[in-house]
Structure formats: C-alpha cells, structure tokens
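The report below describes a structural model, taking its helices, its core and its confidence in turn. Please read it alongside the sequence and coordinates.

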Amino acid sequence: MKKSIMYIKSIALIAAIFLVGGGLFLYSGYYPMGADVPHNQLTHKLLETLRERSIARAARDIEAPADLNTSERLLAGGADYNDMCAGCHLKPGKTESDFSIGLYPSPPNLTSIADDDDGDGDGDGDGDAENDNADIKRNFWVIKHGIKASGMPAWGPTHDDERIWNMAAFLKRLPDLSADQYQILTARGEDSEEHHGQ
Amino acid sequence: MKIKTHIKVITLSALAFAISAQAHDPKEHMKDAQEPDCAAMKDMDHSKMDMDDPVTQAMMKKCMKGMDHDKSENDQTSDEHHGDKESSEEPHPEQQKDEHPEPQPN
C-alpha cells in the first residue's frame, strides 16, 4: 500500500514538473516563432501527423461529383486557381515565388507533385482510383476549410461547393499541363484575335 | 422600436454579406483578365492531341473563336486573291454569327 502511494506521488510529481516546466517555457517566449526558423523535427513530425490525420478523417465521407473530368470544370477551376492559388502554389514554368519561399510551412508546389504521390510505392505515380478519389476529396476539403496556422485560407465562406470542386478538378490535371496549356486554360478573357475585327 | 432596431441590424448584416460575396464573384477578376495565348496552340502538333482529353477540349473551347475567325479571314483573303469582288462585298463572317452560331465556351 505504502509502495503504491509512493508510486502515485512520483508520477504526480513528474507530471507537475512537466506542467510547470511547460508553462514556464510557454511564458518565457524562448520558442522561435518566426517563419524563417523551422520547427524542430519532433514538433514538425507531430504537427504534420496531426494535420494529415485530421484532414483524412474529415474528408473521408465527402461525396465527389461524378463529372469532375470535364473541360467546363477545368476552365472554371483553372481561372480561379490562377487568381487565388498560383501565387503560393505556383504554375507551370515557375519554381518559386515570394510566398513559396517565405511561408512556413512552405506551400506545396502543386504543379510538380512527386511522381509517386499516389502512395502505392510503385513509383509510377498512376495510383488507383481509390487514391485518386481520396486526393480529390482531400483537396476539396483543404480548399474549403483551409489549414490553421499555415497561410492556407478557408475559401468555403466565400465560394460555393461547385466552384471549389472546379478547382479540385483542375488540381488533378495541373501537374500534366505545360506552361502554354496552363496559360490558355486559366485566362479569363477571350481570344484577343476574336476582337480585332470588331 | 425594438423591431426597427432588429430590421436595421439584419439589413446591415445582409448588405455586408452581399458586398463580401460580390467581391469574390469571377466578374471581379475580369478587370485585369488575361487573354489566352492561342497562337501557342497553333504551334502545337495537332496530330498528337487527344481530342477526348478534357484539357484539349478546354483549349479548343477557349481558342475556337479565334481559330474560326482566322480560318474565315484566310478564306476571304483567298477569295480576294482570286479576284472575286462580290465575295469581298459580302458581310464579314463574324457579322453572320446569328445565322451560323458558334459553340460558346461556358
């Protein structure tokens, strides 16, 4: 009995030391908060796991429209991507911007997703339909809800779901696009040659 | 009195919401809208283009009008070179849009 009380007291003491130590560290202001100093590996790994698990759980039950792979969605989503996303997530032919360099965590370059980002480990980047579907739902969720403390805003409050699905559809094809194709697909205006004779 | 205050608050909130929503309308982006560089598409190898691919279809939709315009301009120039005066007096193909409507991109 005496032994177990000593055991509990020890655990309580260790917990108290951690709590007080943690509190002192929080209030000391010694943690580097600047975006130009990366997290240590442990913090980075913990936050990344927290983010990915949270998004995967939240996006699991989303129903993607069946008609995502259409030219109409590419044109609508491309124009919005160019206006709202390309500054951070880049466009074909561009490898960095002030935002992609300065933001932390660094926004992913969506034009050059790793060849094997399908997660099947075969290095072909093809992925199966299930992985593709999960990626699309993940992208939809991230665009709609944003990600805390990352610079990624929630576009949901100001953009309806259809418009966000258009962007998700465009993201799926973005890594395949050349700079010329990207320019044509994302331009909001009409072909200028059409207007020359008017 | 209370009802009047409520109406004012609701009206102001609705107005603020409407203004914020309007700011994200695609039309707002049209002020500095880029034009598609369809000349680049003309240089592409069309035989290698997959016409079933939504990317190709989207590019065609975006550049179709300009390409049609070019085509009809070429036809017209060709007619003029052949000395067909009457054809040059015919209305410009773009003026006949109503008779031959072109498919419009969404």
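At 1.5 Å a residue, helix H1 (residues 2–28) of chain A, with its 27 residues, should span 39 Å, and its end C-alpha atoms agree with this at 38 Å apart. The expected span is 1.5 Å times one less than the number of residues. Helices (H or I, at least four residues) and strands (E, at least two) are DSSP runs numbered from the N terminus. This is a predicted model, in which local features need pLDDT of at least 70, side-chain atom pairs count only at pLDDT 80 or more, and totals for chains, interfaces and linings use all residues. Residues are numbered from 1 along each chain as its sequence is written, while chains are lettered from A and ligands numbered from 1 in the order in which they are written.

H1(A) is hardly covered, since the count of buried residues among its 27 residues is 0. A residue is buried if 20 or more other C-beta atoms, placed from the backbone, lie within 10 Å of its own, exposed if 12 or fewer, and partly exposed in between. Just after H1(A), Gly29(A) adopts a positive phi of about 80 degrees.

Helix H8 (residues 179–186) of chain A is largely enclosed by the rest of the structure, because 6 of its 8 residues are buried. These are Gln181(A), Tyr182(A), Gln183(A), Ile184(A), Leu185(A) and Thr186(A).

Leu185(A) also figures in the largest nonpolar core, which has 35 residues; Leu185(A) and Ala168(A) have the most contacts inside it. Such a core is a set of buried Ala, Val, Leu, Ile, Met, Phe, Trp, Tyr and Cys residues joined through C-beta atoms within 7 Å. At least two residues of this core come from each of helix H3 (71–84), helix H6 (129–145), helix H7 (161–173) and H8 of chain A, together with helix H2 (38–42) and helix H3 (54–81) of chain B. H7(A) gives the most, with 7 residues. Not counting residues up to four places away in sequence, Ala168(A) touches Ile136(A), Asn139(A), Phe140(A) and Ile143(A); contact requires C-beta atoms, placed from the backbone, within 7 Å.

The axes of helix H2 (residues 41–59) of chain A and H6(A) come within 9 Å and cross at roughly 105 degrees. H2(A) is therefore roughly perpendicular to H6(A), a class that covers angles of 65 to 115 degrees. Axes are lines fitted to C-alpha atoms, for helices over the stretch in contact, with angles from 0 to 180 degrees between N-to-C directions. Ile55(A), Ala58(A) and Ala59(A) of H2(A) meet Lys137(A), Arg138(A), Trp141(A) and Val142(A) of H6(A).

Chain B contains 4 helices and 0 strands, and 10% of its 106 residues count as buried.

Confidence is given per residue as pLDDT, on a scale from 0 to 100.

| Chain | Average pLDDT | Residues with pLDDT at least 70 |
|---|---|---|
| Chain A | 89 | 89% |
| Chain B | 64 | 36% |

In chain B, confidence is lowest in helix H4 (residues 85–89), at a mean of 40, and highest in H2(B), at 85. Over residues 81–106 of chain B the pLDDT is below 50, and this stretch has 19 contacts in the model beyond near neighbours in sequence. For the complex, the predictor gives an ipTM of 0.76 and a pTM of 0.71.

How values were computed:
pLDDT is the predictor's confidence in each residue, from 0 to 100. Two residues are in contact if their C-beta atoms, placed from the backbone, lie within 7 Å. Angles under 35 degrees count as roughly parallel, over 145 as roughly antiparallel, 65 to 115 as roughly perpendicular and the rest as oblique.
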